[in-house]
Amino acid sequence: MLFFYNKKMLGETLLITIQSKEEVTYEDKKNITLIKDENGALVGLNIFNVENLKLDGEGSIDLTEDQKEILQKRLEKNGIKIDLEGNNDEFFVVGEVLSCEKHPDADKLKVTEVKVNEEETLQIVCGAPNVEAGQKVVVALSGAMMPSGLLIKKSKLRGVESNGMLCSKRELGLPQEEARGILVLDADTKVGTRVKDLNLK
């Protein structure tokens, strides 16, 4: 479950993503929009007028236990019962680029194989000019909510499957230097480490 808040863009509105679905329908309740899949299962919520939660931050956020309790009571009052536990940090990990090849149908894209833990390697299409084999990088896994509100999901880029995203500082909401491209980490950074534990600046 992902929580997204951006007061400048959306005002006092909290967006909750439970699952990523292509085909959805919307049902309005009092200051709440329910987002459902084709089977009627709840996959997201837009909750308006959340001033009493006193939310802080911009983009993907975590809720305190007190905030979850207040929100849970509001949802239950409207007949909505869901588990509000969720952590977006688990979707951002250190990966190692094992290989980097030219995309067969796009000059500016590369097809990479990226190790994200001891058991798993993902194919990720990347357009950054500085991506190379051997780098340690930040990987947004499928299901990650970016600070911009973009939800990362499996996709095809010019016909090639991509399972995640290699991230730049800007995409992570960090100060961006003049150099463009993905953020390259120190070579000794351990694969699979949560990015939150790196204390990037």
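The C-alpha centres of domain 1 and domain 2 lie 28 Å apart. Select residues 2-78 for domain 1 and 89-197 for domain 2; these bounds come from an automatic or database domain assignment. Where the domains touch, eight residues of domain 1 and twelve residues of domain 2 take part, contact being heavy atoms within 4.5 Å.

This is a predicted model, in which local features need pLDDT of at least 70 and side-chain atom pairs count only at pLDDT 80 or more, while totals for chains, interfaces and linings use all residues. Residues are numbered from 1 along each chain as its sequence is written, and side-chain values use heavy atoms, with hydrogens and water left out.

**Stop 1: the sheet**

Switch to a cartoon view and find the open sheet of six strands, with the order S3-S4-S5-S2-S1-S6 and antiparallel pairing. Strands (E, at least two residues) and helices (H or I, at least four residues) are DSSP runs, numbered from the N terminus. Two strands pair if DSSP finds at least two bridges between them. Strands of a sheet pair through backbone hydrogen bonds, either parallel or antiparallel.

Select 25-29 and then 59-61: these are the edge strands S3 and S6, each pairing on one side only. On average, neighbouring strands of this sheet are turned by 25 degrees against each other, direction ignored. Axes here are lines fitted to C-alpha atoms, for helices over the stretch in contact, and angles run from 0 to 180 degrees between N-to-C directions.

**Stop 2: strand S4 and its two neighbours**

Select residues 32-36, which are strand S4. Is S4 mostly covered or mostly uncovered? It is mostly covered: four of its five residues are buried. Buried means under 20% relative accessible area, exposed over 50%, and partly exposed in between (1.4 Å probe, protein chains only).

On one pairing, five bridges join S3 to S4, and the two run antiparallel. Show Asp28 and, opposite it in S4, Thr33. S3 and S4 form a hairpin with two residues between them, and Asn31 in the turn has a positive phi of about 60 degrees.

Next select residues 42-48, strand S5, which is joined to S4 by five bridges and runs antiparallel to it. Lys36 has Leu42 as its bridge partner in S5, and Leu34 has Leu45. This hairpin has five residues between its strands, with Gly40 in the turn at a positive phi of about 85 degrees.

**Stop 3: helix H2**

Select residues 65-77. Helix H2 lies across strand S2 (13-17), S4 and S5, and runs at about 105 degrees to S5. Its 13 residues reach 18 Å from first C-alpha to last, close to the 18 Å expected at 1.5 Å a residue; the expected span is 1.5 Å times one less than the number of residues.

Which residues of H2 are buried? They are Gln67, Lys68, Leu71, Gln72, Arg74 and Leu75. These cover an arc of only 165 degrees around the axis, so they are on the same side of H2; the arc is that of the directions from the helix axis to the C-beta atoms. The buried residues pack against S2, S4 and S5. Turn to the other side of H2 to find Glu65, Asp66, Lys73 and Lys77, which are exposed. After H2 comes Gly79, with a positive phi near 75 degrees.

**Stop 4: Lys190**

Finally, select Lys190, in the segment after strand S14 (184-185). Lys190 is exposed, with a relative accessible area of 62%.
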